[in-house]
Amino acid sequence: MLEIKDLHVGVEGNEIIKGISLSINKGEIHAIMGPNGSGKSTLAKILSGHPAYEATAGNITFEGKDLLEMDAEDRSIAGIFMGFQYPVEVPGVNNAEFLRMAHNARRVNAGEEEIDPLDFDELLSEKMKMLGMEKKYKERNLNDGFSGGEKKKNEILQMAILEPKLSILDETDSGLDIDALRIVAEGVNKFRSENNALILITHYQRLLDYIKPDFVHVLSKGKIIKSGDKALALELESQGYDWVTSSN
Amino acid sequence: MSDTLAEPAEEMAFLDLHKKFIEANKPNSALLPLHEAALGRFETLGFPHSKHEMYTFVNTKKLVAAPFAISNTSTSIPEDVIESHIFSGCENSCLVFANGVYNPSLSKLQAIESSVKISSMSEKDDLDQVIASLENENDVFACLANAFCADTMVVEISDKAKVSVPIQVLFISTGDVSAPVMHSSRLIWKVGKLAELKVIEKYVGVQAGYFNNAVQDWMISEGAGVVLTQVQADPFDAWNFSKTRVYQKRNSRFHSTNSSAGSALVRHHFEARLEEEGAELILNGVSVLGGKEQVHNFVRIHHEAPQCVSHQHFKNVINDEGRSSFDGTVIVNQGAQLTNSNQLINNLMLSNSCHADNKPNLMIFADDVKCTHGATIGQIDDEQMFYLQTRGLSEKFAKELLTRGFAESIIQTIEFPEVVNELSNTLLKKLEASNV
């Protein structure tokens, strides 16, 4: 599904990612872990098409198409979803209306008709219930004044509404208390299928207690320095990043 | 009147016009002392020059040079024209001012008769008070409005009245595109103790070519609450100046939202005095400007007593060669301890030739207060754009959504769905057409 080959990424002239190769197939969950400043979020940004991040070498293909040639909108329509570490507040834009517009953008591009507003409301209510979100978040403006935890839930809600093929969740666990983390993780698990894939970017192992990855990659100084299965995450948790960064 | 010093030509033209106005207004000579006092004040102040403190950002040269005639106050406006401007829910609670003068036959008061009294100012005390307040009136256009008001209406809301329907005040100008006309409205609201009322004011024109210069006072008694929504929707070739003075007693509330579509020149002057403990003032404003439209806000809030609250939030979306300014000062007097005041102005600039001036200001003479102020001038936020695009929205659509959303956050504070709907279909429509 996603092929990253010898990717180098710079932002404002500084090279942050210095040669990453990674292959992700349908149905897989990949966790990307690493200390602060290792390039985790940069990887998320380049995958989602942030204009400030530039691939200086290497390439990325998504279902055979050159991802780096696509802008953020086209990537979304192609089926890539980015769950932001810091979701942006958009005052004045109603949350439910925004979700419907995003859902319709995907449908229209797939050649389908726009969803009936009442049907959408039903769909939205069902997904919000799954995430334990109160109804009032339909009426509120997009992320505007939401707590950290509600913002993250709103990201997962968008994921559930957009049904992407590949989701990149950037530090989705940060800012969540343990109950919210459990609810969010359950939401992600319900959404999982053999047809979609997930990249979890996280600093801590704790999220991986709830969402079990098939692969764990450790990123340090812009490179993947170790890959393994979920046992690697547990080992990192007990020994710290020094264990793996110093051994390389 | 000073006849020894030569007056500049523009002032002379207005003095001549005033003579005609007094002649035409003879039947209502009770207001003569007000007209003369106001004209005297006008002569003392003179028209503003570019360095004038109150008009730093507002160029009134074209306005004062326009060869105005006095508007015909006995003009007839078809009822269906009036009806088209009345919001649903206000059909039996609307006050119509045609060319500045209250028109009883076009107004409909059935729904509010029991608690609201509307009359021409007749008490000598009232007149003396208005004349006395002119001594401190430094806004020359407010003086002109007093000098040229054909009538002064007093709206009294009785103590403890809960006015169940919103009152709409329609200021409609007939205008004259071939020769510009001017008129003034003068309105005094006396809101009784613990009374509650909601008012929607709308400014419109049948055609362009007029200068509507309005002054209104709000005397809000102890514990009373007022929600005021102002909608400025004049045609482009019109000038609209208004001064709104608010005097608030103990624990009273005044919540106001102004929406402005702009015109050749629109200026709002708000002056509020929180005179007694616990008074609360909210002043919000939004404008969406394109072409050469202008809207200017001038705000002075005086915290004169402890424990009062004032919030201001003004937002402008400016495209093409539009122009806006905000000049706002909060004055916290000595003794006004535990004041809580904030002021925020946000401008969203959509073109290279649009213009916004901001002058937020705080003057604090008490030592235990919480005051903030801020102003931003910027373009559409890149991170917001990116966020929406990652959800599959096109660049054009995301821009429109953010621009609308910017203005909508103020519009959403308006509690009348009819007004919100109308603004979505008029004010916000401008953002679709303007290729943002």
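Two residues are in contact if their C-beta atoms, placed from the backbone, lie within 7 Å. By that rule, and leaving aside neighbours within four places in sequence, A:Asn25 is in contact with A:Met1 and A:Ala197. This is a predicted model, in which local features need pLDDT of at least 70 and side-chain atom pairs count only at pLDDT 80 or more, while totals for chains, interfaces and linings use all residues. Residues are numbered from 1 along each chain as its sequence is written, and chains are lettered from A and ligands numbered from 1 in the order in which they are written.

A:Asn25 sits in the loop between β2 (14–24) and β3 (29–33) of chain A. Helices (H or I, at least four residues) and strands (E, at least two) are DSSP runs, numbered from the N terminus. Is A:Asn25 buried or exposed? A residue is buried if 20 or more other C-beta atoms lie within 10 Å of its own, exposed if 12 or fewer, and partly exposed in between, with C-beta atoms placed from the backbone. A:Asn25 has 11 other C-beta atoms within 10 Å and is therefore exposed. Between A:Asn25 and A:Lys190 there are 165 residues in sequence and 19 Å in space, C-alpha to C-alpha.

The strand β2 also belongs to an open sheet of 4 strands in chain A, in the order β2-β1-β4-β5, with antiparallel pairing. Two strands pair if DSSP finds at least two bridges between them. At the edges stand β2 and β5 (65–66) of chain A; each has a single partner strand, so one side of each is left without a neighbour in the sheet. Strand β4 (residues 53–62) of chain A pairs with β5(A) in the antiparallel sense over 2 bridges. A:Thr61 has A:Asp66 of β5(A) as its bridge partner.

Now to chain B and its helices. Two packed helices are described by the angle between their axes and the distance between the axes. Here axes are lines fitted to C-alpha atoms, for helices over the stretch in contact, and angles run from 0 to 180 degrees between N-to-C directions. Helix α2 (residues 32–45) and helix α5 (residues 124–133) of chain B have axes that come within 10 Å and cross at roughly 5°. That crossing makes α2(B) roughly parallel to α5(B); angles under 35 degrees count as roughly parallel, over 145 as roughly antiparallel, 65 to 115 as roughly perpendicular and the rest as oblique. B:Pro33, B:Leu34 and B:Ala37 of α2(B) make the contact with B:Leu127, B:Val130 and B:Ile131 of α5(B).

In the second pair, the axes of α7(B) and α8(B) come within 9 Å and cross at roughly 125°. The two helices are therefore oblique to each other. On the α7(B) side, B:Gln384, B:Met385, B:Leu388 and B:Gln389 meet B:Glu395, B:Ala398, B:Lys399, B:Leu401 and B:Leu402 in α8(B). B:Gln379 counts as exposed because 9 C-beta neighbours lie inside 10 Å.

Finally, the contact between the chains takes 18 residues from chain B and 20 residues from chain A. On the side of chain B that touches chain A, the elements giving two or more residues are α7 (382–389) and α8 (395–411) of chain B. The largest share of that side, 8 residues, comes from α8(B).
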